[in-house]
Amino acid sequence: MDNINRRDFIKISSVATAGMALTWSGTSFVSDLLKGEVVPLSESIAKKVPTVCEVCFWNCAGWAYLDRDDNLQKIKGNAIDPHCNGRLCPRGTGGVGMYADEDRLKKPMIREGKPGEQKFREVSWDEAIDHIVKKMKGIEAKHGREAMALLHHGKTGPHFEFLFEAYGSGNIAEPAGAQCLITREAGFITTYGAGLASPEPTDTRNADCLVLIGNHIGENMHNGHVQDMSHLIEQGGTVITVDPRFSTAAGHSKYWLPIKPGTDIALLLAWMNVIINEEIYDKEYVEKYTYGFDLLKDHVQKYTPEWAAAITTLSAADIRKTAKVMAGLAPKTIVHPGRHTAWYGDDTQRTRAIAILNALLGSWGRVGGFYFPERIKPPHYPHPQMPKPKWTWKDYTKEKHKMAIMGITNIVIDHALPEYKGKHKIKGMFITATNIIQSVPDVEKTKRALQNLDLVVVVDTMPSEITGYADVILPEATYLERYDHLRTSHHKVPNIALRAPVMKPRWETKPGWWIAREIGIKLGLEKYYPWKDFEEVLDWQLKQVGTSLEEMKKIGVKRYSKKKPLYINENEEYWFNTNTGKIELYSTDFAEWGYDPMPVYKEKDEAPVGFFNLIYGRVPMHTFGRTTNNPNLYDLKEEGHLWVHPKVAKIYGIESGQEVWLKNQDGKISTFPSKVRITQRISPTSVYLPHGFGSKSKKLSRTYGKGSADYEMLTNIKIDPETGGTGMRNNFVTLLTENPHKNIES
Amino acid sequence: MEQLLATDRHIHGLYPHVDIWGFPISAYLFLGGLAAGILVFAAIYYLLGREKEMPFTVKIAPIFAFPIIMLGLFLLIFDLHHKLFVWQLFLAARPESPMSWGAWTLVIVSVFSLLWPLSFVDSIDDYLIKRGWSKMTKVTEAIIKFEHKWIIPHFIIMSFRKYRKFFAVVLLIYSIILGIYTGILLSAFNAHPLWNNPILGPLFLTSGVSTGSAFVMWLSDNHKERLLMSAIDMSLIAIELFFIVHMFMGMEAGAEVYKQAAHMFLGGEFTAVFWGVFVGLGLILPFTLEALELRGFHIPTALPALLILAGGLLFRILMVSAGQMSEYAMFP
Amino acid sequence: MRLGMAIDITKCVGCGDCVVACQTENNVPIGYSRDWIMEFVEGDFPNLNLHFETQRCNHCEDTPCVRTCPTGASHVIEGGIVKVTHNECIGCGACIEACPYDARYFHPDGYVDKCTFCDHRLEDGLDPACVSVCPTECMHFGDLDDPGSEVSKLLKERENYSIIPEAGTKPQIFYLK
């Protein structure tokens with residue numbers, strides 16, 4: 001009723017204020033008879049349910065609002081959530097499309113056709129799970145329980161990690177490691193004895209200077225990063241961006257260094273050279289907290305700005321200038337660690353150079369630098385002791401890659417290949433909520449591995465490419481239809497956040513916890529699942545940390561006070577979790593293990609004549625291929641265009657919007673063409689292609705065939721020796737203006 | 001400078017420029033102008049007391065005005081996107097909105113255009129009988145019968161006959177308003193620099209009247225009437241050309257957006273079709289043919305008339321589509 | 001009261017959150033949007049400038065859209081908000097032609113649809129949906145007539161511009177440089 005009254009009020013006042021004509025049209029009752037105008041339900045009276053976003057893995061907490069018919073209307077940020085401060089990004093706001101997408105997986109399915117062919121038979125959950133259990137028992141009989149592997153991502157993962165641990169399989173990995181941030185974690189752990197995790201503990205809101213190295217905040221919409229950068233800009237802070245592309249961040253920066261791709265370490269070493277030799281580093285801090293400064297000083301002597309200028313194509317003056325700017329604003333300078341850092345195959349060293357630079361600037365543990373986050377971790381719901389597998393991923397990874405702090409997807413996949421003859425054979429695989437066709441490079445290898453497995457189970461919400469390689473597809477409910485584990489992130493403000501189901505699962509989809517539990521019970525692992533409903537688990541856990549499910553449903557996020565200091569207390573001893581107890585500018589571990597104890601610049605592959613560096617990245621509206629079919633987000637950006645410099649366009653005679661195919665240095669040709677954007681924002685030696693497009697799954701009715709896929713072009717993979725992470729930016733492409741598939745296509 | 005939509009917006013009819021008015025609106029404007037032209041001549045020659053000499057102009061041609069207006073209205077309504085609500089148009093009179101006063105003008109003119117020939121129904125009947133068009137006389141006779149049988153229609157038509165001079169003045173005024181309206185409808189839109197010039201109203205009126213004269217030239221079987229219309233039409237074409245040149249000169253003297261608008265016709269994509277087809281074949285060629293006819297050359301009578309009519313329609317199609325392309329903010 | 005916006009282009013990253021938020025707030029159908037983002041790149045590599053503008057109805061002081069509306073469906077309410085009453089709209093398109101900003105479009109149901117500054121939210125004391133979600137907080141909404149309002153202060157303090165002022169409609173959305 002309120003709404004109707006309000007509308008009347010507005011209508012009357014409109015006549016009064018507008019009142020310019022002889023309007024006899026105050027007869028709205030006539031038209032209202034035909035069709036009422038629907039005013040959106042007021043936020044203050046609408047029903048709302050707490051959720052934690054799963055469109056990307058920043059995992060903002062929000063509220064899902066219902067409309068008058070109790071359908072999902074919209075999702076807004078939770079004002080007390082430190083991840084989002086009440087403001088979601090476009091993807092979070094567009095999360096409604098994840099639920100609404102009619103292309104979703106709807107029923108469990110079992111494969112009929114050959115692998116890679118999308119021919120499936122719809123089955124009941126019972127039949128699907130029985131089939132899985134039978135196959136798993138078969139694998140167990142021949143190869144042991146250890147031969148099962150789990151590749152996962154997001155909040156679905158923990159349910160299956162638990163299942164795998166209870167079952168006794170220890171091959172668990174996620175692309176978020178080897179394909180994303182493991183090298184960064186390794187670089188920081190080696191230096192500071194502590195990783196960064198997510199959200200990164202960058203104290204940007206208090207910083208004066210932010211240095212971004214190939215980190216395209218603003219296109220990469222990790223919410224906190226974007227909000228913090230914006231805050232910094234508003235406060236008049238300085239942003240220095242190093243990127244071969246004029247990224248959005250570069251567009252908001254005081255200094256942009258259009259570096260030659262692959263030469264970051266040279267720049268970082270030259271910056272160190274300037275900062276050390278000009279004695280503008282934080283002397284007291286370096287003296288007090290670091291180990292190996294003299295070694296580093298000697299090490300960087302040869303890396304002068306002039307030396308780096310020749311390599312990076314930047315000017316020595318700019319290198320000096322920016323070094324002085326960041327040192328001048330230190331310790332409130334953050335040389336940002338980035339997030340996806342699996343680029344060139346020496347990325348642990350590259351991020352270590354970033355870590356070292358931060359140490360020279362004294363930003364770690366300082367206001368405006370890196371703070372010490374804290375986490376509220378409710379205990380696990382009580383369960384019996386997990387069995388100990390005879391071997392796990394560590395047994396075939398750790399020896400070669402000492403800094404593999406988590407399972408390495410690509411190495412797990414290697415162990416499923418037919419040519420692998422060792423003792424750590426993988427015969428069955430669960431893939432949950434990750435489309436490894438797009439996310440793990442060297443897709444041909446991945447396909448061979450998948451086809452060699454006795455069982456591939458895919459748990460997902462969308463029929464992405466990977467579902468085409470599954471033996472069994474289990475349709476998961478979206479994050480808006482399920483409970484998941486609590487979000488218990490490391491943060492400035494210790495906090496927990498609840499994801500509660502907003503809507504009933506559509507079709508026959510089921511929450512991840514339910515799927516994992518059902519499989520567990522049928523595998524005979526009942527004792528690990530003494531609960532029936534995940535609500536029981538959550539309520540028990542929440543009660544251990546002074547709240548309850550009931551309370552959390554009302555508040556969504558609970559903030560706790562911090563127990564440990566945010567920054568280093570300069571008057572006290574501070575001990576770092578490294579061999580020396582100090583920040584290791586010179587890594588004693590690396591020296592022992594035979595890695596470079598201090599970063600060294602190594603030449604990268606050069607683009608063959610007629611080829612361009614393939615720089616991939618993001619558009620702010622999408623999270624990889626997860627969202628490209630989301631109706632709301634597809635509406636916002638149908639396709640990521642291929643950025644081409646006008647000179648290049650001229651050489652090829654390409655017009656704006658024209659479709660071109662890509663061919664890489666190994667002759668790999670993209671399946672689909674990309675539309676070209678001719679822009680000055682990209683260097684003439686590179687092209688830029690947003691990641692996540694070019695899906696080959698016809699069941700994704702919107703995004704199928706839209707744009708070319710960067711993953712297809714990633715055939716030259718350089719393995720990071722310390723971690724096993726995949727360097728993916730050593731690939732070069734040329735443009736084909738004629739359809740290369742014309743004669744082949746059927 | 002690179003300028004693009006960073007978020008997709010594939011809304012029909014907005015990009016790269018507004019494109020929501022197509023052929024129906026152009027035809028609507030053409031038909032409105034044509035009807036206005038026909039009625040202007042009927043009213044003028046009636047007021048000049050030359051109804052006997054020019055029976056087609058005064059009495060017969062106006063018969064077509066009503067169906068022409070109705071066809072125009074039909075096209076307008078056909079082009080509405082919220083058709084069921086069309087009645088809202090007649091619940092409001094908004095003098096600031098050309099669409100509104102145009103609709104009302106059209107209603108008024110359509111009433112007069114219906115009453116005008118009805119008031120001449122006896123003469124029309126004679127006209128038809130003289131030409132032996134017996135099938136059509138059945139209609140006129142039925143109307144006459146009807147009129148005599150029913151008191152209210154009879155009263156209306158009788159009053160109309162009685163005050164026909166007064167109504168002729170009203171009709172003349174409203175027909176001119178209608179003719180101007182077809183131009184003002186476009187020139188009211190500041191957002192489209194091409195349209196936004198004061199000459200468009202008079203230009204459309206002139207063009208409309210010219211198509212009206214062409215209509216008479218085409219269908220009248222009175223040689224004298226035709227020749228007179230030819231002569232009038234030639235001066236109308238001359239005025240039209242003057243307006244056109246003047247319009248582009250005005251634009252060239254204006255701000256950058258106006259220059260750009262003019263450029264579409266002065267070197268841009270509309271140049272050939274505007275000057276070659278519309279001005280060349282739709283104005284200058286019929287002008288020449290009319291001049292030759294006046295000098296006694298034998299010219300198929302319908303040719304210049306049809307050229308002018310087709311030219312008039314083309315002119316409106318060009319102005320409607322080019323006008324929508326002329327915007328302050330253009331997208332590549 | 002004269003409602004308007006001050007949008008800080010030094011902060012906007014062009015993510016499009018404002019566009020989706022508007023869609024989900026106002027039931028704008030997929031395939032349509034009341035607001036959108038323009039990107040502008042000036043200069044040649046590597047001497048470049050970039051900025052984004054989130055655009056929508058400028059709720060102009062001089063409203064050619066309202067003027068040309070034949071039925072009065074387009075009207076102005078308190079605060080200078082320009083609205084369309086769907087059931088009075090005949091879908092003639094005159095207002096679409098009249099708008100220099102491409103802010104109006106035909107809703108698939110036939111009537112003309114556009115930004116309302118989320119007047120239903122203003123009643124609750126909330127900002128328009130687009131403003132309320134922006135992760136960069138680049139958008140500010142308020143009363144331009146009130147010299148004490150945040151928008152008035154920002155416009156006084158900082159250099160700003162509006163788009164296509166030469167169309168003479170007196171737009172009420174300003175961009176802070």
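Predicted model: local features only at pLDDT ≥ 70, side-chain atom pairs only at ≥ 80, totals over all residues.
Residues are numbered from 1 along each chain as its sequence is written, while chains are lettered from A and ligands numbered from 1 in the order in which they are written. Helices (H or I, at least four residues) and strands (E, at least two) are DSSP runs, numbered from the N terminus.

**Where the chains meet**

- Chain A gives 55 residues and chain C gives 48 residues to their contact, where two residues are in contact if their C-beta atoms, placed from the backbone, lie within 7 Å.
- On the chain A side, the elements that give two or more residues are α1 (2-18), α2 (28-34), β4 (72-77), α3 (90-93), α8 (223-234), α9 (248-251) and α24 (631-636).
- That side of chain A divides into 20 nonpolar, 24 polar and eleven charged residues; here Ala, Val, Leu, Ile, Met, Phe, Trp, Tyr, Cys and Pro count as nonpolar, Asp, Glu, Lys and Arg as charged, and the others, Gly among them, as polar.
- Chain B meets chain C as well, with 39 residues of chain B in contact with 44 residues of chain C.
- On the chain B side, β1 (2-5) and α3 (98-119) are the elements that give two or more residues, and the residues of this side are 24 nonpolar, eleven polar and four charged.
- Strand β1(B) pairs with β2 (residues 36-44) of chain C in the antiparallel sense, over four bridges; two strands pair if DSSP finds at least two bridges between them.
- Within that pairing, E2(B) has V41(C) as its bridge partner.

**Sheets in chain A**

- Three strands form an open sheet in the order β2-β3-β4 (chain A), with antiparallel pairing.
- β2 (48-52) and β4 of chain A each have a single partner strand, so one side of each is left without a neighbour in the sheet.
- The twist in this sheet averages 30° from one strand to the next; axes are lines fitted to C-alpha atoms, for helices over the stretch in contact, and angles run from 0 to 180 degrees between N-to-C directions.
- Strand β3 (residues 61-66) of chain A is joined to β4(A) by five bridges, and Y65(A) stands opposite K74(A).
- G77(A), in strand β4 of chain A, is buried, with 25 other C-beta atoms within 10 Å. A residue is buried if 20 or more other C-beta atoms lie within 10 Å of its own, exposed if 12 or fewer, and partly exposed in between, with C-beta atoms placed from the backbone.
- Leaving out residues up to four places away in sequence, G77(A) touches residues including C60(A), G62(A) and C84(A).
- Seven strands make another open sheet, ordered β6-β5-β16-β15-β14-β7-β8 (chain A), with mixed pairing.
- Its edge strands are β6 (120-122) and β8 (171-173) of chain A, and its twist averages 15° from one strand to the next.
- Five bridges link β7 (residues 148-152) and β14 (residues 428-432) of chain A, which run parallel; A149(A) is partnered there by M429(A).

**Helices**

- Helix α5 (residues 125-143) of chain A lies across β5 (109-111), β7, β14, β15 (455-460) and β16 (472-475) of chain A, at about 140° to β15(A).
- In helix α10 (residues 264-277) of chain A, 13 of the 14 residues are buried, so α10(A) is largely enclosed by the rest of the structure.
- The axes of α3(B) and α6 (residues 151-162) of chain B come within 9 Å and cross at roughly 85°.
- The contact is made by L115(B), L118(B) and S119(B) of α3(B) with I157(B), F160(B) and R161(B) of α6(B).

- Most residues other than glycine have a negative phi, and most peptide bonds are trans.
- The peptide bond from Y15(B) to P16(B) is cis, with omega near 0°, and P16(B) lies in the loop between β1 and α1 (23-47) of chain B.
- Another cis peptide bond runs from F45(C) to P46(C).
- W507(A) has a positive phi of about 50° and is exposed, with 11 other C-beta atoms within 10 Å.
- F624(A) has a positive phi of about 45°, and with 20 C-beta neighbours inside 10 Å it counts as buried.
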